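The following exercises concern a protein structure.

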Amino acid sequence: MKIKDKMDLVQQESLHLNDENGNPIEVPKEGALGIIALGYKGIVAWKKNREL
Amino acid sequence: MKKRKIILIGWDAADWKLMNPLIDSGKMPALSKMIDNGCMGNISTLEPVISPILWTSIATGKTGDKHGILGFTETDEITKTILPSLSTSRKTKAIWNILQQNGYKTHQIGWWATYPPEKLNGISVSDLYAKPNIEKGVAQPSMLESVYPAEFKELFNLFRLTPFDIDGPLLLPFVPRAGEINQDKDRKLTHIAEAIAESSNCHSIATWILEHEEWDFLTLYLKSIDTLCHRFMKYHPPQLQEISDTEFNQYNQVIEGIYIFYDMMLERLIKLAGPEATIILVSDHGFKSGNQRLLANPKEPTAIAYDHRPYGVFCIMGPGIKKDERIFGASLLDVVPTILSACQIPIGNDMDGKPLQQVFETPHKISFVDSWDTIDGDSGIVSPRQTTIPKHFTTKEELQQLIDLGYIDDPGDDIKLAIENTNKESKFNLARIHMFSHQYQKAASLFKELSEDFPEEPRFKTRLASVYQRMGKTEKCQQVIDELNAMAAAQGHNTKKDAPKTKWKVPLHVVLFLEGNNLLAQDKPLKAIKIFEKLEDSMPSNPRINVQKARAYMSMLKYNSAQREYEKSLQKDNENIAAWVGLANCCLIDKKYEEAAEAALNAIGHSYFYPRAHLILGYALLNLHDYENAIHAFEVSLAQNPGLTSARNHLISIYKNHVENPEELQKHLDFIKNNSNNTVIIVSGIPRSGTSLMMQILKKAGYSILTDNKRNADINNPKGYFEYEQVKKLTQDNSWLDQARGKAVKIVSHLLFQLPDNFNYKIIFMNRDMKEIIHSQQKMISEMNGTKPNNAYPAHLEIAFRKNLDRVNKWEDLKSNVEIQYINYNLLIADPAKELLKISTFLDKKMDISNLKKVIDVNLYRSKTI
């Protein structure tokens, strides 16, 4: 997979941020340490939500 | 064979002392889970406590002199500039190189001294990636080519954070009253934001790799506990007198906040790694908290390291790892051998650590190679200067964070001076590494060079004096102390109005401390005490001074005075382990066994890895007839130091006389039988007490004798003296003792106290009628001088000799590695068989008594008193 495809995949993954039980995780616009601690998925989801 | 998947996580400066309360109150659930499902313990750091050196030691299993990273910065000889320490300066393979060479898919994120990034078969992210890259107040993408393969940088920038992303609500868990802070005047919130962003930038890459890339081994280093501790520990509870209520209330949750945040990240990594992975968490050192905090450090480069505590954290969890176990005696150098052992890959013989076999449910068979550095293979290691360093990299701004934190001095605009300073610090650190690894000669020569090249800087001279002291070179040590005193005196004159100001003040308290210790090393305890008293007047809150005073009193056998000093030390610092052990020892001598046990338990409570404390505890419990607990205490002391003969002998005695356990008894008897090569047999006594005769007996019994035969036989000892010239220099140099293993050597009684603790000594001590000894000595002196014997009886000599004998007796009680068998010379002549049998039993060697009796020539027994 090329880097461009990997970047697209990251963007797609961030649309579906779920917890262990498959329930969607709420990402506050102002961010949260818990979201950052989730790693790349949490940060990309937060950045996206912030731009909305 | 299935490869073991391993994640090695580094939390700079993490400390159990700070984490334990958080774990207990449920604020660090991920770490709590690791502890419950794995092994944990302290990990001892190395010297000097400087992060790039330590983290490279963790990654290589080698001390700094072998791995070559010697500080925060280095000089680029080609461009004549100052750079952060580079991966190209590392002289040896790191764990990621060795594992890659063995077919592991390896990834490395953020470790110190990894720029330029190495060409691993996985992803390599250098230490410079995480650093916020701010230019003129605007956040930029990650700097330079800090990622390999470089194309990943674009991907990683998608989830890269800058301090500007971390604003109000994200800071509230660290600073609940952040809204009250005027950020134009107070930049502390920015520092917290930088710390969160920096850690997140490495953590998020790790999460991406674990989800998207093939991986067998991943290292992740996170710096922010250390940076925030340096900036905010002074605000951490309990409140220090010097900190205002306002500041305390604003910032007292920062340290707790960063630990909780790190635990949240740990939880995510554990989940992504899956149950088949082995997770190792390690820190390079701890951080002083509570009343150990220093508000002001000495004025010298990297003085910030004085904030560090010598114990970091180690925790491991995974398949085949013991659960809910505490381990002891781990060192930073053990991490790589332990990982290699877990992967069943040979350990390099050139590594300085050992595998922590105690963490495995079934210990692996260990194999070795000479060195991984000489085994070719695709390791990904970057050769020196294989990568060009971009020109703009070498600007002062790149080093600003290190300068801000106090890790390095501002190099200023004078590049020549900056290069000189960088090289100086590298050399200084190398000398300290040599000192730590007991290569005293090398350390002394570097400290000497530095002292000569930079005579105005007292720190080189204080270290030189200290290393001379450790080498037993008390005279040279005194010379350096004299030089320091002369410098101090000159600086005293400089306080006059017209005198130039000096940058480097001689630390008088350090010099006095050295002086006191040097007197103690020269067996001049009274003079040492005077120095320590003077020091105590100027530094009344320093607990180490009282410990040294106590040691001086101990050497004079003044146990009550010693006890008082240990107690004083503990009043000042209740965590002073040396003082607890000293106090336990005093109570033991005073036969106050309950108090001795309590003091030993206090020492153990603060530092479990302290074999002598367990030994004292065992001895106290033995005297309280608590045999089961005494066994446990002796067993722990032996687990920590198998060479403690005294503990083993006590166990043997308990199993023989009080607790029936033939298997354990045999185990210890076998150990002694199989490990006698660290034992030195010593024949001792006051001169002319029959020591030469005993040496002849041992020679006849088949023992190797350590002698240089320099002193020839004469009329006073017709069969020879069996002496070894080096013995006389024992106070200056004890390196020759290595040659004495398993042999017999003659050492006069007044030198016994200088024997180092790293050997076991079986001492045959000759007693003889004191008047005979003195008469024989006088006769010998008159024969040597060709004068008439002095008939006046020197009563003062007899008193001195008797004091010496009393001291030897008590010294044995204090030493766990010393056993003495007293042999009476007069009885040996009168009834040889009985005394020779004692020797045979003591040395656990079958001897032909009738053959040995032939050595004893009654005609030579010429100084009878009757």
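**Exercise 1.** Is B:Cys477 buried or exposed?

Solution. This is a predicted model, in which local features need pLDDT of at least 70, side-chain atom pairs count only at pLDDT 80 or more, and totals for chains, interfaces and linings use all residues. Residues are numbered from 1 along each chain as its sequence is written, chains are lettered from A in the order in which they are written, and side-chain values use heavy atoms, without hydrogens and water. Buried means under 20% relative accessible area, exposed over 50%, and partly exposed in between (1.4 Å probe, protein chains only). B:Cys477 has a relative accessible area of 0% and is therefore buried.

**Exercise 2.** Describe the interface of chain B and chain A.

Solution. Begin with contact, meaning heavy atoms within 4.5 Å: chain B contributes 30 residues and chain A 24 residues. Next, consider buried area, the accessible area (1.4 Å probe) that two parts lose on being put together, summed over both. The two chains bury about 2300 Å², with 71% of it on carbon and sulfur atoms. In chain B, the residues losing the most area to chain A are B:Leu158, B:Leu170 and B:Arg268, together 24% of what that side buries.
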